Structures are given as C-alpha cells and as structure tokens.
Amino acid sequence: MRILILHGPNLNLLGEREPEVYGTMTLAQLDARLRAHARQRRATLRIFQDNCEGTLIDLLHGNRRWAQGAVFNPGAYTHYSYALRDAVAAIALPTIEVHLSDTGKREPFRRRSVIAPVCLASVRGKGADSYLEAIDRLCALPR
Ligand code: DQA
C-alpha cells in the first residue's frame with residue numbers, strides 16, 4: 001500500500017519541543033521507525049512535514065493520485081482549520097488523523113478536532129505508536 005504521512009506545524013521540533021508532552025524522539029527518529037514498520041507491512045511511504053497550512057493542502061492535493069491512504073497529524077490546525085478539513089474531504093482518500101499526545105485530556109481547545117469528521121479514524125495519545133497503528137489500520141483495509 002502507498003501511504004502519505006503528513007506531519008503538521010511544530011512537529012519538526014520533536015525531541016526538543018515540550019518533551020514532557022511529546023517525548024524525546026526526534027522527527028527523524030520517528031520517520032525512521034515509520035519506514036521500518038512500513039517495510040514489514042510491505043507499504044511504501046512518502047513523508048512530509050510542513051508548518052504552513054497552504055503547503056499541507058498542496059501536499060494532500062499533490063499526492064492524492066499516488067497515495068492509497070494518508071496518515072495525518074495536523075498539529076494545532078486540528079482544532080480550527082476548515083481549509084485542511086476540506087482538503088482531506090476533497091481528496092477522498094482513507095485518512096487517519098493521529099496525535100502523539102492525548103488531545104482529549106489536555107486543554108479544552110484541544111478536545112475538538114474539525115478534521116476528525118472527515119477521517120476514517122483518529123488515533124491519539126500513543127506517541128509514535130499512534131502512527132504505527134494508523135499504518136496498520138490502513139494496510140488492513142480491503143483493496
Ligand atoms: C498534536 C496535538 C496538537 O494539539 C498540538 O497542537 C500539536 C501536536 C499531537 O501530536 O499530540 O502540535 O497534534
């Protein structure tokens with residue numbers, strides 16, 4: 001399966017960013033784990049990180065014909081970006097929203113996701129394993 005992995009804003013600072021919330025794994029280490037996991041599942045990944053809403057939209061659009069599924073951590077855009085929600089709906093790919101932290105147990109503004117309603121599922125609060133579970137769920141989809 002061909003899977004688009006999209007990391008949103010501030011995830012480039014994983015490892016140094018609020019380690020008490022997000023852990024000490026860097027984005028490069030996380031991506032290496034995802035690639036190793038995908039290899040075991042015979043999945044191919046394209047991985048991108050960007051801080052800009054418009055670029056994330058362009059990446060969703062630009063990879064829509066290549067990808068058969070997407071794993072998306074929209075960062076703080078999760079909570080208010082209707083433009084990203086519309087982009088996910090527009091590309092009509094099975095998309096799983098992921099979060100490292102458990103957004104349901106943090107500040108009230110993080111409890112709402114405007115992206116989740118257009119996703120197949122949301123996986124949160126499991127650190128890197130949120131992404132691994134999302135990859136597994138996409139690979140288990142009938143094709
Ligand atoms: C996050 C949760 C968001 O609320 C936050 O803005 C992030 C990271 C997570 O992976 O836990 O940037 O998406």
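Predicted model: local features only at pLDDT ≥ 70, side-chain atom pairs only at ≥ 80, totals over all residues.
Local features need pLDDT of at least 70, side-chain atom pairs count only at pLDDT 80 or more, and totals for chains, interfaces and linings use all residues. Residues are numbered from 1 along each chain as its sequence is written, and side-chain values use heavy atoms, with hydrogens and water left out.

Q: How far is an oxygen atom of the ligand from an N or O atom in the side chain of Asn 73?
A: Polar contacts here are pairs of N or O atoms within 3.5 Å. Through its backbone, Leu 100 has an N or O atom 2.8 Å from a ligand oxygen, and a polar backbone atom of Ala 76 is 3.1 Å from one. For the Asn 73 side chain, the distance is 2.8 Å.

Q: How much of the ligand's accessible area does the protein cover?
A: Areas come from the Shrake-Rupley method with a 1.4 Å probe. On its own, the ligand has 320 Å² of accessible area. The protein's share of cover is 99%.

How values were computed: Polar contact = N/O pair within 3.5 Å; in protein donor to acceptor, adjacent residues only side chain to side chain.
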